[in-house]
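Subject: Structure for you to look at

Hello,

Here is the structure for you to open. Please keep it on screen while you read the notes below it.

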Amino acid sequence: MSAPQMRWAHRVMAKIIASCGNVCNACGSDESLTIDLIVPDGGKHHGRGVIGRACYYLKEWRRGNLQCLCDSCNTRKGDTPNDEFFADLTQKRNISSSNTSIKPGGQCEQQRNSLAPGQQGGGVL
Ligand SMILES: [Zn+2]
């Protein structure tokens with residue numbers, strides 16, 4: 001795996017996290033942020049390597065299927081369906097769950113244009 005590809009992958013991850021406002025979608029923490037699939041895929045994306053995961057995340061991001069969770073919320077969520085996870089959170093903490101998904105478009109629309117893999121060395125999809 002080449003260094004430019006690694007940098008591209010890290011940039012993709014950073015941009016996706018930035019597009020979520022750099023905070024955990026569940027608790028609002030800005031530490032140890034991870035990318036979480038709103039509709040879980042059962043861990044299929046694990047073990048693909050950094051580039052494979054970045055491409056996968058980009059694809060899911062375009063579908064509006066990503067959100068940011070901090071490490072501990074992500075671990076807590078596991079493969080729980082998103083609705084259940086946030087319903088549970090709302091019950092426990094009485095917080096609003098009205099803003100729990102990435103809306104397609106808006107700032108994501110602008111940012112994803114600069115993330116097209118074809119312009120970043122290509123051939124990695
Ligand atoms: Zn959190």
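**What was found**

N22 is exposed, because 11 other C-beta atoms lie within 10 Å. The cut-offs used here are as follows: a residue is buried with 20 or more other C-beta atoms within 10 Å of its own, exposed with 12 or fewer, and partly exposed in between, with C-beta atoms placed from the backbone. N22 sits in the loop between helix 1 and strand 1, and its phi is near 60 degrees, a positive value in a residue other than glycine. Helices (H or I, at least four residues) and strands (E, at least two) are DSSP runs, numbered from the N terminus.

S32 is also in the loop between helix 1 and strand 1. S32 has a positive phi of about 50 degrees and is not a glycine. It counts as exposed because it has 12 C-beta neighbours inside 10 Å.

**What kind of model this is**

This is a predicted model, in which local features need pLDDT of at least 70 and side-chain atom pairs count only at pLDDT 80 or more, while totals for chains, interfaces and linings use all residues. Residues are numbered from 1 along each chain as its sequence is written.

The pLDDT is the predictor's confidence in each residue, from 0 to 100. For the protein chain the mean pLDDT is 80, and 74% of its residues reach 70 or more. Confidence is highest in strand 2, at 96, and lowest in helix 5 (residues 107-113), at a mean of 50. Over residues 106-110 pLDDT stays under 50, and the model has 4 contacts beyond four places in sequence for them. Two residues are in contact if their C-beta atoms, placed from the backbone, lie within 7 Å. Where pLDDT is low, the predicted coordinates should not be read in detail.

**The chain as a whole**

The protein chain has 5 helices and 2 strands, in the order α-β-α-β-α-α-α along the sequence. Of its 125 residues, 22% are buried. Among contacts with a separation of 6 or more, 78% are between residues 24 or more positions apart.

**The two strands**

Strand 1 and strand 2 run antiparallel and are joined by 5 bridges. Two strands pair if DSSP finds at least two bridges between them.

Strand 1 has 4 of its 5 residues buried, so it is largely enclosed by the rest of the structure.

**The core**

A nonpolar core is a set of buried Ala, Val, Leu, Ile, Met, Phe, Trp, Tyr and Cys residues joined through C-beta atoms within 7 Å. The largest one has 18 residues, and V12, C24, C68 and L69 have the most contacts inside it. Two or more residues come from each of helix 1 (3-19), strand 1 (33-37), helix 2 (49-62) and strand 2 (66-70).

Which residues does C68 contact, leaving aside its neighbours within four places in sequence? They are I17, C20, V23, C24, N25, L33, I35 and D36.

**Helix 2 and what follows**

Helix 2 has 14 residues and reaches 20 Å from its first C-alpha to its last, close to the 20 Å expected at 1.5 Å a residue. The expected span is 1.5 Å times one less than the number of residues. A54, L58 and W61 are buried in helix 2. They are on the same side of helix 2 because they cover an arc of only 65 degrees around the axis, where the arc is that of the directions from the helix axis to the C-beta atoms.

Just after helix 2, G64 takes a positive phi of about 75 degrees. N65 lies in the loop between helix 2 and strand 2 and counts as partly exposed because it has 19 C-beta neighbours inside 10 Å. Not counting residues up to four places away in sequence, N65 touches L37, I38, V39 and E60.

Regards
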